[in-house]
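I opened my notebook to look up a fold piece by piece. Here is what I went through.

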Amino acid sequence: MFGIFNRGNQDIKPTVEGVIQALAKVDDPELHKDLVTLNMARDVVVNGNEVNLRIMLTTPACPLKGKIQSDIESALRPLGVAKVNIRWDSQVPTDNRISGALNIGVKVAIAVSSGKGGVGKSTIAVNLAVALQRSGAKVGILDADIYGPNVPMMMGAKGRPMSPDGKHIMPIEAHGVRIMSMGFLVDPDKPVVLRGPMLHGIIRQFLGDVMWGDLDYLIVDLPPGTGDAQLSLSQSIPLTGAVMVTTPQQVSVADVTKAIGMFNQVDVPILGLVENMGVFIAPDTGKRYDIFGAGGGRKLAERAGVPFLGEVPLDPQIRVGGDAGIPIIISHPDAPAAKALVEIANSLAAKISVRILAPEQRYTAAPELKIL
Ligand SMILES: Nc1ncnc2c1ncn2[C@@H]1O[C@H](COP(=O)(O)OP(=O)(O)OP(=O)(O)O)[C@@H](O)[C@H]1O
Ligand SMILES: [Mg+2]
C-alpha cells in the first residue's frame, strides 16, 4: 500500500524525528500554518508503531479537534504508525496590545457591539462568556454600559465588590465568570449622572484597578450606538477585536458599515457579525420559521466584508433566562439557540487565534473568502 520500497508495515519503524518532520507538513485548519511552526505539537513519544503526543490548541473552545486528529493520522500512516494517541491541551495566545497596555493578566479582550440598541448585545456577551468558560477558559465580563448596566441581572450576579487594599477592587463571580459592572457600585434605582471624562476614568479603573487575575478572554459589553461615547470607550480599552450584533429589522449595511468605520478609526478589527432574533424554531415541532427571510445576516456580513459568525434564533427562554440570571447555555443547553451560541463562541475563539497568531490573514471584502 505504501509503494514498492516498503515490505509491509511491520518493517517500517517510525522515529521521533520522522514523526516531527511529518507533523511539520500538517497545517492547523484555521491558522494555515503547520503544527511544528506553531509549537502546537509537543512531547512526541514513539512506542513501536504507536505515537503519543500532546497537541496544544490555541483555545479550549476549538471546533476542529476531529479534523486535526484525522490530518495527523493521515500524515503519520505512511511512516508505519498504526495508532496515534493525542492528549489535548490548550493555551490561549496573548494579544500583546492588551497585556502591554494594561499590565494585567488579560490575554484577549473582545468588545460586543452594535449600531442600534436592544439587539441583544448583552445577551450575546454573557452567553459567549459562559460558553468560553464552560469550554475550560478563564473568562471575565467588563460591563461598559455605565448608564444601563444589564450584565449583573443577566448573570445573576449580586453584591458589592470588596477592596482588599482600598485601591483595587475584586470582581464579582457568577457562573464561573468574573464580572465588573457599574451595577455593583450604584443604587439600581438612581440614574447614573456622569460626564464624559468621568466615564473614561471609570472604564480605565474597571480595567486597571479591578483584580481580574489571569484571564484568557475579557468580554466587553458596550453600550449601543456608534457615537462619540462609543468611540471614546473603544479608545480607552485596548481591544483584540469586536463582534457586531444585528437583528434583521436593523439589517442595514449603513449601520454596520458605520460601526465598522468607527472600529477602523481606532484600529480594532471586526472579528465577525452575529445575527440575532431573525429566525424562530418551534420548540414542539423543531420547524424553522424565517420570519425576515433567510440568510439576511450572512448576506449583510458579506456585503460589509466581515466574517459571519452565525445566527441566534428568537427563543423566549433567552429572555426568561436573562431576567432570571441564568444564561440559556446553562438553563437550556439543548435548545437550538444555546447550541448556536456555543458554535458562535467556538468560531469566535478560532478567529481570535488567527488574529493573534496569523495577523497577515486579514479579511478582505470578498464574499467567497472565509478567513479574517
Ligand atoms: N434571541 C433572543 N430571543 C429572545 N429574546 C432575546 C433574544 N436576544 C435578546 N433577547 C431579549 O431582548 C432584550 C434586549 O436584549 P439585550 O439587553 O441583550 O440587548 P442589548 O443590545 O444589550 O440592549 P442595549 O442596547 O439596551 O444594551 C432582552 O429582554 C433580551 O432578553
Ligand atoms: Mg446591553
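I began with pairing: two strands pair if DSSP finds at least two bridges between them. Helices (H or I, at least four residues) and strands (E, at least two) are DSSP runs, numbered from the N terminus.

I noted the ground rules. This is a predicted model, where local features need pLDDT of at least 70, side-chain atom pairs count only at pLDDT 80 or more, and totals for chains, interfaces and linings use all residues. Residues are numbered from 1 along each chain as its sequence is written, while chains are lettered from A and ligands numbered from 1 in the order in which they are written.

**Entry: strand S4.** I looked up its partners. S4 (residues 106–113) runs parallel to strand S8 (residues 215–221), with six bridges between them. Val 112 has Asp 221 of S8 as its bridge partner. S4 also runs parallel to strand S9 (residues 241–246), over four bridges. There, Ala 111 is opposite Ala 242.

Is S4 covered or open? I found it mostly covered, with eight of its eight residues buried. Buried means 20 or more other C-beta atoms within 10 Å of the residue's own; exposed means 12 or fewer; partly exposed is in between; C-beta atoms are placed from the backbone.

**Entry: whole chain.** I counted 12 helices and 12 strands. Of the 372 residues, 44% are buried.

I then checked Leu 128. Beyond its neighbours within four places in sequence, its contacts include Ile 219 and Leu 341. Contact means C-beta atoms, placed from the backbone, within 7 Å.

**Entry: Val 19.** I found Val 19 in helix H1 (residues 16–23). Val 19 counts as buried because it has 22 C-beta neighbours inside 10 Å. Leu 79 is 60 residues away along the chain, yet the two C-alpha atoms are separated by 7.6 Å. Leu 79 is also among the contacts of Val 19, as are Val 44 and Leu 76.

Key:
Two residues are in contact if their C-beta atoms, placed from the backbone, lie within 7 Å.
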